[in-house]
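We will select strands, then a helix.

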Amino acid sequence: MIAEIQAKLRNTTGTPFALVEGAIAMAQVKDRPTAMPAAFVLPLRDASSPNQRVSGMLQTTQADIGVVIIFENLSAPLGDPAVDELEAIKTWVREQLIGLVVGDCDPIEHIEGELVKARAGVVWWQETFGTSFLQEGQQ
């Protein structure tokens with residue numbers, strides 16, 4: 001699922017991102033990524049319901065996915081141009097992902113967005129999306 005979302009953000013015509021990577025690449029970023037704007041797609045949380053069957057196993061799993069957006073606006077750090085750029089990038093990401101169906105998952109929904117940090121003209125923003133899928137196993 002993560003790879004499919006990365007590909008969607010990376011390969012869609014008009015992508016604002018110079019870099020789209022995952023959790024390992026994000027863990028290596030100290031202050032700023034090597035190219036911006038950047039998006040890092042990572043799994044945030046999986047929560048499964050109790051078994052729904054008497055024999056065998058069937059669980060619904062709710063999965064939260066984060067898209068951490070990092071961009072830089074040196075002309076006016078955290079001023080109106082940065083806010084406008086953030087709104088444009090958030091809107092583009094939401095348009096690409098809301099309703100997207102990946103594999104056997106339910107359509108992706110938007111959950112929330114929040115400021116992670118803003119320092120020295122670099123803004124880190126996280127969009128959180130969710131989906132669910134069934135997991136079937138043996139007894």
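Select Asp46 and look across to β3: its bridge partner there is Ala63. Strands here are DSSP runs (E, at least two residues), numbered from the N terminus. This is a predicted model, where local features need pLDDT of at least 70, side-chain atom pairs count only at pLDDT 80 or more, and totals for chains, interfaces and linings use all residues. Residues are numbered from 1 along each chain as its sequence is written, and side-chain values use heavy atoms, leaving out hydrogens and water.

Now colour residues 57-72, which form β3. This strand runs antiparallel to β2, and 10 bridges join the two. Two strands pair if DSSP finds at least two bridges between them.

Next, select residues 19-21, strand β1. This strand pairs with β2 (residues 38-48) in the parallel sense, over three bridges. Click Val20: its bridge partner in β2 is Ala39.

Move on to β4 and β5 (residues 122-137). Nine bridges join them, and they run antiparallel. Find Gly113, which stands opposite Glu127 in β5.

Zoom out. What is the order of the strands in the open sheet? The five run β1-β2-β3-β5-β4, with mixed pairing. β1 and β4 (109-119) stand at the edges with a single partner strand each, so one side of each has no neighbour in the sheet. On average, neighbouring strands of this sheet are turned by 25° against each other, direction ignored. Angles run from 0 to 180 degrees between N-to-C directions of axes, which are lines fitted to C-alpha atoms, for helices over the stretch in contact (heavy atoms within 4.5 Å).

Last stop: select residues 2-11, helix α1. Helices are DSSP runs of H or I, at least four residues. Helix α1 lies across β1, β2 and β3, and runs at about 150° to β2.
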